[in-house]
Amino acid sequence: MEHAIEKGHSIPLTQPIAALFASTMKRPAASATNAFCDVCGSTWAHFRKSGRLGCPSCYDTFGDALAAQIILAQRGSVAHGGEAPRQSSCPEGHQLLRSQLLRELDAAVGAEQYERAASIRDRLRTLTGGIDAP
Amino acid sequence: MMQIVGSKVWAGEDGPESDVVFTTRVRLARNLRGFAFVNRANAVQSSEIIRIVQGALAHSANDPRMQWFDMATLSPRERMLLVERSLVSHQFAHADGPRSAGVSTDEALALLVNEEDHLRIQALRPGLQVKEAFAAATALDEVLAERLEFAFHPRWGFLTACPTNVGTGLRVSAMLHLPALALERQLPRLQAGVKELNLIIRGFQGEGSTPEGGLFQISNQVTLGLSAAEITDTFANTILPEILAWERAARHHYLSTQRAQAVDRAAREIGVLQSATLMGRDEALKRLGRIRHAIGLGLIEGMALGEVNRLVVAVQSAHLAWARPAAATDQESERSERASLLRDALAKATVTQSSSRS
């Protein structure tokens, strides 16, 4: 590798994300191995393979096994230490999105775009559930 | 579609510390609450995300008035123009599914919708301008947050498709020109050092690319646990000054021990670029890197660093074709156009008179 560096050729200085996770990974708990996210359908196996989660809810679905991976990838950091978004103390953004979704749902139903209407309904349902409620 | 003179970054501007720092970039990753991430979203959802984001900006009193480029409707050449200017990644330019890039008129700010995350806010500046780039990215983040609700977790902060971005979603990076560390065979030490400091180092144009012309991108690896301000402060005030000092010391050492060779190399590079009639992209970038190095050492006059920065973009394939639409598009014509552009640009470059005394 040093030879390649000195010649100025392609340098494998960082591993692909998936390899990073695969090589540092302890075997996850059985519950995580079998788990899938009931919001987006992602599985733990999909995450292991791609290094990507499917939706915000996956962070809770995969619980401790995922937490262990995040802490490894983040070099020991265990929790967010920065700012929260402004709207967390002010639900205006949430409501704006909700009212926008309701308007879009009306429009989709009016235009007989049922696939789109179903997708909007799914999102409204997720919003009311609230994955980041304390 | 775009004017290179409109670019604040590539129009030949010199930034602070530009002898070593080519460009600074700050990127924030955000996702909308209530949607699957891009890799699990269907086309309908992805299109809705674009509409919601564009609508949020249009309704804001602080709309940055971006020009929107819909990847699906751009020609391959137009997409490559955006890639060559570092406004979008290769992955973004060529992926499937609805995705759109908003670009400010000075091209210093871009908003990518449906890249790996729903939103990638990126600010680009010439030279070392971490604070300025961070301020610009944060300002757009705040405008978006006025009307959009981001996916946020009490423990993990801003949620991202890949957990390597979770927390702040912040990646601050600098494109560094480190020719002397390469010549002095210090790159393995640099590699070990940056790993120790939890930094990522890559070749030009990001992931999977090669370090053409001695250009390296260095960025923070850890996005969780520190505030965005702490990450940018450490990067701008501790890490980069150290790497800059190291490269400058290597340049000083190189010049004091191999001055005659350095002058000879500069003269040869000028000679080749002033007379070559065919030139490939990789060769052009390598030679421009050496010219950049020689200008930084004070060995070349009649050419500014900013002009080299402009050329690094202008010699790339899509830009060449775009600048001369009437020209034939076969490989030999492209190599000929590139050589011609470089002959014109280097016409007034000479080895500095005082430098020939060794």
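1. Chain B of this predicted model has 12 helices and 12 strands, taken as DSSP runs (helices H or I, at least four residues; strands E, at least two) and numbered from the N terminus. The radius of gyration of chain B is 21 Å, close to the 21 Å that the globule rule gives for 358 residues, so chain B is as compact as a globular protein of that length. That radius is taken over C-alpha atoms, and the rule is 2.2 Å times the number of residues to the power 0.38.

2. On housekeeping: residues are numbered from 1 along each chain as its sequence is written, with chains lettered from A and ligands numbered from 1 in the order in which they are written. Local features need pLDDT of at least 70 and side-chain atom pairs pLDDT 80 or more, while totals for chains, interfaces and linings use all residues; side-chain values use heavy atoms, leaving out hydrogens and water.

3. Of chain B's 358 residues, 61% count as buried, meaning under 20% relative accessible area (1.4 Å probe, protein chains only).

4. Now the cores, which are sets of buried Ala, Val, Leu, Ile, Met, Phe, Trp, Tyr and Cys residues joined through side-chain atoms within 4.5 Å. The largest nonpolar core has 56 residues, and B:L32, B:V53 and B:L111 are among those with the most contacts inside it. A second, separate core of 41 residues includes B:M175 and B:V263.

5. Over in chain A, helix α6 spans residues 63-73, with A:A65, A:L66, A:A67, A:Q69, A:I70 and A:A73 buried. Just after α6(A), A:R75 takes a positive phi of about 55°.

Terms used: Buried < 20%, exposed > 50% of the residue type's maximum accessible area, 1.4 Å probe, protein only.
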